[in-house]
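Q: Could we go through the aromatic side chains in this one? I have the model open.
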Amino acid sequence: MSFFKMLKSRHLVEAYTCEEAKMEQLLEKPLTVYVGFDPTASCLQAGNYVAIQTLAQFQRAGHRVIALVGGATGMIGDPSGRSTERNFLTPEQVEKNLEGIKENLSRFLDFNHPTNPAILLNNFDWYKDYTLIPFLREVGTLFRMKPMLAKDSVQKRLNAETNSMTFTEFCYQILQGYDFYYLYKHYGCTLQVGGADQWGNITAGTDLIHRLHPEAEVHGLTIPLVCDANGQKFGKSAGNAIFLNSDKTSVYAFYQFFLRTLDADVIRYLRIFTFLTDERIEELAEALRTRPEERAAQKVLAEELTRAVHGQTGLETAQKASAVLFGGSIEGLSAADLESIASDVPSATLPVVDVVNKNIIDVAVAAGFLKSKGEARRLVQGGGLSVNNIKVTDINAVVEPSLPVEGKVLLLRQGKKNYFLLRITQA
């Protein structure tokens, strides 16, 4: 199977700027390819993972890959796929976000490869000293209004009754087009890859290069926007962003997100997000068809992605956290882990003076977990009350100072599945 056909089989190809046979031929020889990342947050999220995975596939196949972080364009904001203008970021916010994105990318791309290292660039480096008048004379004159206005991303906003496109947003395609030209000129980059909503910006770049160098062989390729079977997109605007940093999305929540993948989506996700062989994926597809209740494909998907994003230690933490709701030990888990695990269970907050060294029964009643002390005593006597998944056997037991995790939370349980999270404040 050719590299291009492999990308298609992995659902990593949407559209391209030449005939299929030609694109297949082009990708059989090493070339330089780039993907852009906007620094709109301090870390990337699952929607970006498709682009990262595509770059990683290119690097594995021997192509030179460039990850371009938009330090300059990020201060304007890409209007593609937007119904409103993005909030402007300050230079300080952009710089902070850049550092986070660099760390994220280093988990997946090999920047230290002995013969074919990935390259990380910031477009602010070539815009910072480019003043307006020279830019308009040297670059702006090469763009024509008619094709710029015809872009889908522009038309949708121009025809909107409210939040019509601003001049600043309209200029974004010029900047991204110039990025491609700059990378072609200085790095020999001949292919830009981006999401399906980037087609207009990508062709702005190929058109610019062809105006300046008619003989240039440059192309664009888009990858599908990943949606589930219900049409829900992996993206911040959809309200379900799954970030790659554990301080924004805990390893448990990350693991659970993919573990809950619908049967209709899981095999496609395995092809998009993992490097598993076709043979292994087909085995999982067969298991899904014949033994769907085992959810083997979902388990492998969650394991592969959690290991890739958070390492083996992160995966083990996520699996251990998942076991907590089935009575497993909470040893080694942080307060944040427990908060994430118990995000959907009832909770309450009490000051530390009402918890530490207080009778466990009194605490459970004061928190509202149990209705009365009598009920609590009967529950203890019947072996049905647990604190941090440790069974309470004495009606006179107190909350020892070491029991709250990091002094912040207690996980109470009635029976096998009735959980309650008690947050503890220091006031």
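Q: Is Tyr 178 buried or exposed?
A: Tyr 178 counts as buried because its relative accessibility is 11%, where buried means under 20% relative accessible area with a 1.4 Å probe and protein chains only, exposed means over 50%, and partly exposed lies in between. This is a predicted model, in which local features need pLDDT of at least 70, side-chain atom pairs count only at pLDDT 80 or more, and totals for chains, interfaces and linings use all residues. Residues are numbered from 1 along each chain as its sequence is written, and side-chain values use heavy atoms, with hydrogens and water left out.

Q: And which ring pairs with Tyr 178 at 6.5 Å centre to centre?
A: That is Tyr 182, in a tilted pair with 50 degrees between the planes; rings of Phe, Tyr and Trp (its six-membered ring) pair if their centres lie within 6.5 Å, and planes under 30 degrees apart count as stacked, over 60 as edge-to-face and the rest as tilted. Tyr 182 is buried, as is Tyr 178.

Q: How many aromatic pairs does the structure hold?
A: It holds 18 aromatic pairs. Among them, Tyr 178 and Tyr 181 have ring centres 5.8 Å apart and planes at 45 degrees, so this pair is tilted.
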